[in-house]
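Grab a pencil and work through these exercises with the structure open beside you. Try each task before you read its solution.

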Amino acid sequence: MDNVIEYSKDNILQKENEEVIEKDVDDDSDSDDKEEEQDVLFPVWKKNSNGCGYSIDVETPSLTKLISAVGTRLQNGKPMVKILEIGVGDSHVLAHKFLNDIRVQVTFVDPGSNFDAFPQSNESSFRYIQGYFPQDLIVNGYKDEKFDFVYSSRCIHCNTPQGMIDTIRTIRNFLSPVHGRFVLETTGINSDFYQQKAKLVEYFKERKDDAYPGLITETEFLKHWPKWKVGAVTLMDSSERLRNMLYDAGFKAIEHEEKYRMSNHEFFVIVGCNTEETKNITNTQFDEVLYK
Ligand SMILES: C[S@@+](CC[C@H](N)C(=O)[O-])C[C@H]1O[C@@H](n2cnc3c(N)ncnc32)[C@H](O)[C@@H]1O
């Protein structure tokens, strides 16, 4: 079920010491891959101001999917579409996209974002929560709030597998019944950042038959990145494993799955549905849900 899509030339190099360097793009390099030329994505990776990871300020496949689905719902007569973005970092993609559309309410939650630098407009209905999901949503009075879409990219993998499943289960509680969609983008085991470490590759090999071969325990992580305090990290090795996580967390159906590469990082995208009523919706029907 994995659709593997290769995006972009390797124009960015992410260093172990948390800096991001833009390499010169070699326009003369091989490029015998026509598909790659058609679909070139040039991501801008930015270091978050508080050092809490990186943000990709470019429309990635999961964001394209989300933005298209929001547009369809509006066209189908939904007066307002509510999105919750968990761990937005300093990615301004949704803020730019819906800056002048008061019908799209985006709630951004992240302890490390510089929200003052987000695009501003009187025509937008954005909410900014400087804090953690879910506790700071609850503190701010949004405990029972339901969203049409919850979107999260490169955020919840800094966790054990069970911690990820628990977070996904909590996310499900914030989704509208029936039409709520969880759009998740998460990091794959075959990202260069991890594969460049020979000892970590050995570690993955030793665990290839484990329930989660991409789990890097906190102790193991510190061996390779002694200054980082991220705890355990769970990398995906297949769409099936991610799908099972969503099912374990209570999602009833999966609407879309995709795997893609960008700047030599591997990402998995998945869209989960909240109720069984949506079980028969296929990928192609994803954007065709009608709102009366
Ligand atoms: C690697 S950055 C990804 C940023 C952006 N989503 C992207 O894909 O470019 C991860 C972000 O998740 C945030 N984060 C981590 N745990 C979080 C939580 N429980 N609730 C909200 N944000 C969280 C971090 O502060 C950081 O900004």
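pLDDT is the predictor's confidence in each residue, on a scale from 0 to 100. You'll need it because this is a predicted model, where local features need pLDDT of at least 70, side-chain atom pairs count only at pLDDT 80 or more, and totals for chains, interfaces and linings use all residues. Residues are numbered from 1 along each chain as its sequence is written.

**Exercise 1.** Find out where pLDDT stays under 50.

*Solution.* One is residues 5-40, with pLDDT under 50 and 46 contacts beyond four places in sequence (two residues are in contact if their C-beta atoms, placed from the backbone, lie within 7 Å). Another is residues 280-292, also under 50, with 18 such contacts in the model. Where pLDDT is low, the predicted coordinates should not be read in detail.

**Exercise 2.** Work out which residues of helix H9 are buried, and how they sit around the axis.

*Solution.* First, the terms. Helices (H or I, at least four residues) and strands (E, at least two) are DSSP runs, numbered from the N terminus. A residue is buried if 20 or more other C-beta atoms lie within 10 Å of its own, exposed if 12 or fewer, and partly exposed in between, with C-beta atoms placed from the backbone.

Next, go along H9, residues 239-248: the buried ones are Ser239, Leu242, Met245 and Leu246. They cover an arc of only 120° around the axis (taken from the directions from the helix axis to the C-beta atoms), which puts them on the same side of H9. An α-helix has 3.6 residues a turn, so residues three or four places apart point the same way.

Last, check the partners: the buried residues of H9 pack against helix H5 (161-173) and strands E10 (181-187), E13 (253-262) and E14 (265-273).

**Exercise 3.** Is Val201 buried, exposed or partly exposed?

*Solution.* Locate Val201 in helix H7, residues 198-206. Then count: Val201 has 13 C-beta neighbours inside 10 Å, so it's partly exposed. For a distance check, its C-alpha atom is separated by 9.5 Å from that of Ile189, twelve residues away along the chain.

**Exercise 4.** List the contacts of Val106, leaving aside neighbours within four places in sequence.

*Solution.* Val106 touches Ile83, Glu85, Leu94, Ala95, Phe98 and Phe126.
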